[in-house]
Amino acid sequence: VRYRRYQMPERKPPASLHDPHDVAQGSQRSRADVVTPVEFPAVNRLAAVLQRDGVGPQTPVAICALNSPLFLVAFGACAKLGAIAALINTHVTGAGLTHVLQVSGATTGVCDEAALAHLAEVSGSHPVRFLADVSSAATLPAGVHSLRDRLAPTGEPTIPDVRGGDIIAYI
């Protein structure tokens, strides 16, 4: 068998590494779906909210959000605090969702608007208090509070990185 030698084309680094407002070349995502370095302060702001709720090193935090900037910010906030990001599959509903939330060990969670209907189904059957990144017009089920209402109106103090140990659990 003869193999043809293949030379990889030379690649330039994506533009987003140089310009924090630029979307990576060739990306099919819209600008609204891209987290840029400009948005990293959001990690600090969410970390401060979670820390006020008692989240610290090795504390599980349920994250029930689609792949989005919120998901990345929540994951980053958990890493910053040394907390365990318990990633909840967004397709799990009903009794399965109740079970997953119970075994996650989390008492605090972050969710997006897409998760609200599923969380309303299982309201009161699990110990997790969720912070939802939702519009002000959204109706929140019991045990879910608006994340935007919990954020400080001014800048949060810088939260030092704790990191270390396991920081992820996919349930």
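Reply: Buried means a relative accessible area under 20%, exposed means over 50%, and partly exposed covers what lies in between, with a 1.4 Å probe and protein chains only. The model is predicted, and therefore local features need pLDDT of at least 70 and side-chain atom pairs count only at pLDDT 80 or more, whereas totals for chains, interfaces and linings use all residues. Residues are numbered from 1 along each chain as its sequence is written, and side-chain values use heavy atoms, with hydrogens and water left out.

Me: What makes a group of residues a nonpolar core, and which members of the largest one touch the most others?

Reply: The members must be buried Ala, Val, Leu, Ile, Met, Phe, Trp, Tyr or Cys residues joined through side-chain atoms within 4.5 Å. The largest nonpolar core holds 22 residues, and Leu 46, Leu 50, Ile 63 and Val 110 touch the most other members. Helix H1 (41-52), strand S1 (60-64), helix H2 (69-81) and strand S2 (84-87) each give two or more residues to this core, and H2 provides its largest share, 7 residues. A second, separate core of 18 residues includes Val 100, Leu 101, Ala 106 and Val 128. In soluble globular proteins, nonpolar side chains tend to be buried together. Leaving aside neighbours within four places in sequence, the contacts of Val 110 include Leu 46, Leu 50 and Ile 63, as well as Ala 74, Phe 130 and Leu 131.

Me: How do you know that the side chains of Thr 98 and Ser 125 make a polar contact?

Reply: A polar contact is a pair of N or O atoms within 3.5 Å, of which, within protein, one must be able to donate a hydrogen and the other to accept it, and residues adjacent in sequence count only if both atoms are side-chain atoms. The side chains of Thr 98 and Ser 125 are joined by such a pair at 2.9 Å, so the label applies. Thr 98 lies in helix H3 (residues 94-104), and at a relative accessible area of 13% it falls under the 20% limit and is therefore buried.

Me: Why is Gln 58 placed in its accessibility class?

Reply: The relative accessible area of Gln 58 is 44%, which is between 20% and 50%, so this residue is partly exposed. Gln 58 lies in the loop between H1 and S1, and its phi is near 65°, a positive value in a residue other than glycine.

Me: What makes one space a cavity and another a pocket?

Reply: On a 1 Å grid over the protein atoms alone, a cavity is a set of points where a 1.4 Å probe fits but cannot get out, while a pocket is an open set with protein on both sides within 12 Å along at least five of seven lines; lining residues have an atom within 4 Å of a point. The search of the whole structure finds 1 cavity of 30 Å³ or more, and the largest cavity has a volume of about 40 Å³. The largest pocket holds about 250 Å³ of space, and among its 11 lining residues Ala 42, Leu 70, Val 73, Asp 133 and Leu 147 lie nearest its centre. H1, H2 and helix H5 (147-150) each supply at least two residues of that lining.

Definitions and conventions. Helix = DSSP H or I, 4+ residues; strand = E, 2+ residues; numbered from the N terminus. Contact = heavy atoms within 4.5 Å. Points joined across faces, edges and corners; volume = space filled by probe spheres on them.
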